[in-house]
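I hope they are handy as you look through the coordinates yourself.

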Amino acid sequence: MTDLITVRRAGTADLPEAAALFAGYLDFYQRPAPPERVLAFLRERQERGEAVLLLARAQDGTPAGFVNVYPTFSSLSMAPVWTLNDLFVAPTARRTGAGRALVRACAAEARAAGAVGVQLQTAPDNLAAQALYRAEGFEPDAFAAYYLSL
């Protein structure tokens, strides 16, 4: 069903709709934020060229989901990699192929940008996301993830 979904890079005009989806993502992870802060965060990432934001739309043009990616580097590969940091599909667009379309668009954009891979993390209990990532060729890596809260 991914042919019913279109994905493209979000431009400045798309940021309010992307911010509404991003707010849903933050709510999902129980990290709500004021709408103006969400929009400012996305706008700043875009203005600084720090992120690639892909926006999925349903056939009728309704925003369906987004992927937020941070291009970075792999020291071990000595090459660019993309970190798929955030993926969210609106509840009304789930099971439409939007998530799959976003993952595929992310991989295609990363490949076109010369990245050697796309890395991501997801919650251990997010089995639906894990199934999607595995189906799209992602494999668990050999490194344990750690985080230091400051």
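1. Let me begin with burial: of the 150 residues in the protein chain, 36% are buried. Please keep in mind throughout that this is a predicted model.

2. Next, the overall dimensions. Along the principal axes, the C-alpha atoms of the protein chain fill a box of roughly 40 × 35 × 30 Å. As for the contacts, take those between residues at least 6 apart in sequence: 59% of them join residues at least 24 apart.

3. On secondary structure, the protein chain has 4 helices and 5 strands. Their order along the sequence is β-α-α-β-β-β-α-β-α. The radius of gyration is 15 Å, close to the 15 Å that the globule rule gives for 150 residues, so the protein chain is as compact as a globular protein of that length.

4. Two packed helices are described by the angle between their axes and the distance between the axes. Here, helix 3 (residues 98-112) and helix 4 (residues 127-135) have axes that come within 10 Å and cross at roughly 45 degrees.

5. Which residues make the contact between helix 3 and helix 4? Helix 3 contributes Gly 99, Arg 100 and Val 103, while helix 4 contributes Leu 132, Tyr 133 and Ala 135. Sorted by class, the contact has 4 nonpolar residues, 1 polar and 1 charged.

6. Two backbone positions deserve a friendly flag. Met 78 is found in the loop between strand 3 (63-74) and strand 4 (79-89). Phi of Met 78 is near 50 degrees, which is a positive value in a residue other than glycine. Is the residue buried or exposed? Met 78 has 74% relative accessibility, and because the cut-off for exposed is over 50%, Met 78 counts as exposed.

7. The other position is Arg 95, in the loop between strand 4 and helix 3. Arg 95 is not a glycine, yet has a positive phi of about 65 degrees. With a relative accessible area of 83%, Arg 95 is exposed.

Key
Residues numbered from 1 in each chain as written. Predicted model: local features only at pLDDT ≥ 70, side-chain atom pairs only at ≥ 80, totals over all residues. Heavy atoms only, no water. Axes fitted to C-alpha atoms, helices over the stretch in contact; angles between N-to-C directions. Contact = heavy atoms within 4.5 Å. Nonpolar A, V, L, I, M, F, W, Y, C, P; charged D, E, K, R; others polar. Buried < 20%, exposed > 50% of the residue type's maximum accessible area, 1.4 Å probe, protein only. Rg over C-alpha atoms; globule rule 2.2 N^0.38 Å.
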